Amino acid sequence: MPRIRNLTIHHMADDAQLLSGGELKILCLSDQYIPFLSCTYMLERFPTVTVDDGAIRFVCNGADVMRPGIVCTDTFASNDIVCVVESRRKYLAVGISLMDSESLMAASRGATVRSIHYISDKYWESCKLL
């Protein structure tokens, strides 16, 4: 965690806060801390799952990441925070892995990442007003 001089807490909902300071933005959802999608230098520290172009629309609407839409992955364990990117490395969502990366690549179908924060969700839209 970088050292931040002025940290601001924005209450976005009953169970959600945005912690911001300098370039840092972290979303706190029910005591779970995840990087905010506009904070790329934090997102780069987490493993990624790359999805194909056909999955982008669904991921941007909050759908969980399904195995057929995955092109490649970094190495991660089950229940890790994972970033979902498209082929040009644009961040689309942050979620929790439902299986480890080895099992994910061996699977042929099913949900693999539970989406928590995605482009165009209520937290993304609320941050535009800050």
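Modeller: One term before we start. Accessible areas here come from the Shrake-Rupley method with a 1.4 Å probe. On that basis the protein chain exposes about 7400 Å². Keep in mind that this is a predicted model.

Colleague: What share of that area do carbon and sulfur atoms supply?
Modeller: They supply 49% of it.

Colleague: And how many of the 130 residues are buried, as a percentage?
Modeller: Buried residues make up 44% of the chain.

Colleague: Switching to the fold. How many helices and strands are there?
Modeller: Four helices and 10 strands. From the N terminus the order is β-β-β-β-α-β-α-β-β-β-β-α-β-α.

Colleague: What about contacts between residues at least 6 apart in sequence?
Modeller: Of those, 50% join residues at least 24 apart.

Colleague: Now charges. How far apart are the mean positions of the positive and negative ones?
Modeller: They are 4 Å apart, for 13 positive and 15 negative charges.

Colleague: How many salt bridges turn up in the whole structure?
Modeller: One. Glu 86 pairs with Arg 88, and their closest N and O atoms are 3.3 Å apart.

Colleague: Is Glu 86 buried or exposed?
Modeller: Glu 86 is buried, because its relative accessible area is 6%, under the 20% cut-off.

Colleague: And Arg 88, buried or exposed?
Modeller: Arg 88 is exposed, at 60%.

Technical notes
Residues are numbered from 1 along each chain as its sequence is written. This is a predicted model: local features need pLDDT of at least 70, side-chain atom pairs count only at pLDDT 80 or more; totals for chains, interfaces and linings use all residues. Side-chain values use heavy atoms; hydrogens and water are left out. Helices (H or I, at least four residues) and strands (E, at least two) are DSSP runs, numbered from the N terminus. Buried means under 20% relative accessible area, exposed over 50%, partly exposed in between (1.4 Å probe, protein chains only). Contact means heavy atoms within 4.5 Å. Lys and Arg count as positive and Asp and Glu as negative; His and the chain ends are not counted. The place of a charge is taken as NZ of Lys, CZ of Arg, CG of Asp or CD of Glu. A salt bridge is a side-chain nitrogen of Lys or Arg within 4 Å of a carboxyl oxygen of Asp or Glu.
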